[in-house]
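Thanks, everyone. I'll keep this short. Have a look at the model on the screen, and then I'll walk through how its pieces pack.

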Amino acid sequence: MRYLYCHVEEFSMAETLRVLLPKLTKERVQWEVINHGSKDRLLKNLPNRFQGYCALSQVMDLRLLVLVDRDDDNCFVLKEKLEKIAKDKGLVTKSASLPDGSFMVVNRIVVEELEAWFFGDIPALCKAYRRISATLGSNKKFRNPDAIRGGTWEALHREMNKVGYYHGHFPKIEVARNVTPHMSLSANRSASFQAFCQGVEALLV
């Protein structure tokens, strides 16, 4: 049996993956989500984790997914940092696969953060929060979920606030739990979401 370990930086992404992974993997792999609590801790912890996986890979069929928010980072610099961590520990990434096409690690960046995936699936948002307009995605500001300016979760909070949801604190974990069960794997307009789905599928081949 193949084992898939997914490393994420925060709780709402961990909750999201726990809903999406069964749909994506369809019992082809045993999986576990490891939440590091922040991007800084994830980046700090990965080298030791990867060193351990390198040893385990001698006796187990392992695959690794690393999923981090871009936030304000340069996407290419962040991706290179993740690639180097794997390479330094002797693990092959999808971006630098072996001549036979094999690899163990897929690094994926959410642009700019999880809530872009929710903007990418307005029908899922509407099912979870019925006062949200079904035409929200036609708004010029939100047509490209990965290019929303000024903070993605802040933008979602503002739109939900307008129709009477969450006037105070924005409960990111609660929103993830409410929206994710309704999400489509194929119709999401977020390019980073589709890259994530394709990355998971590549790890299962």
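A crossing is left-handed if the near helix is turned anticlockwise from the far one by less than a right angle, and right-handed if clockwise. One caution: this is a predicted model.

Four strands make an open sheet, in the order 2-1-3-4. The pairing is parallel. Strand 2, residues 30-35, and strand 4 stand at the edges. Each has a single partner strand, so one side of each has no neighbour in the sheet. From one strand to the next, the twist averages 15°.

Let's stay with strand 4. Its partner is strand 3, residues 61-69, and the two pair in the parallel sense over six bridges. Val-66 sits opposite Asn-107 of strand 4. Val-68 sits opposite Ile-109.

Look at the two faces. Val-105, Asn-107 and Ile-109 point one way. Val-106, Arg-108 and Val-110 point the other way. Note that Asn-107 and Arg-108 are among the buried residues.

Next, what covers the sheet? Helix 1 lies across strand 1, residues 2-8, and also across strands 2, 3 and 4. Helix 1 runs at about 170° to strand 2. Helix 2, residues 39-56, lies across strands 1, 2, 3 and 4 too. For helix 2, the angle is about 170° to strand 3.

On to helix against helix. Two packed helices are described by the angle between their axes and the distance between the axes. I have two pairs, and helix 1 is in both.

Pair one: helix 1, residues 11-25, with helix 7, residues 172-179. Their axes come within 8 Å and cross at roughly 15°. Angles under 35 degrees count as roughly parallel, so helix 1 is roughly parallel to helix 7. The crossing is right-handed. Helix 1 brings Phe-11, Ser-12, Glu-15 and Thr-16 to the contact. Helix 7 brings Lys-172, Ile-173, Ala-176 and Arg-177. By class, the contact of helix 1 with helix 7 has three nonpolar, two polar and three charged residues.

Pair two: helix 1 with helix 8, residues 191-204. Here the angle is about 50°, and the axes are 10 Å apart. Helix 1 and helix 8 are therefore oblique to each other. This crossing is right-handed as well. From helix 1 come Leu-17, Leu-20, Leu-21, Leu-24 and Thr-25. They meet Phe-193, Phe-196, Cys-197, Val-200, Glu-201 and Leu-204 of helix 8.

Last stop, helix 6, residues 152-162. Which of its residues are buried? Thr-152, Ala-155, Leu-156, His-157, Glu-159 and Met-160. Those buried residues pack against helix 4, residues 115-119, helix 5, residues 122-128, and helix 7. Just after helix 6 comes Gly-164, with a positive phi of about 100°.

That's my tour. Over to you for questions.

Note on methods: Residues numbered from 1 in each chain as written. Predicted model: local features only at pLDDT ≥ 70, side-chain atom pairs only at ≥ 80, totals over all residues. Heavy atoms only, no water. Axes fitted to C-alpha atoms, helices over the stretch in contact; angles between N-to-C directions. Parallel < 35°, antiparallel > 145°, perpendicular 65-115°, else oblique. Contact = heavy atoms within 4.5 Å. Nonpolar A, V, L, I, M, F, W, Y, C, P; charged D, E, K, R; others polar. Buried < 20%, exposed > 50% of the residue type's maximum accessible area, 1.4 Å probe, protein only. Pairing = 2+ DSSP bridges.
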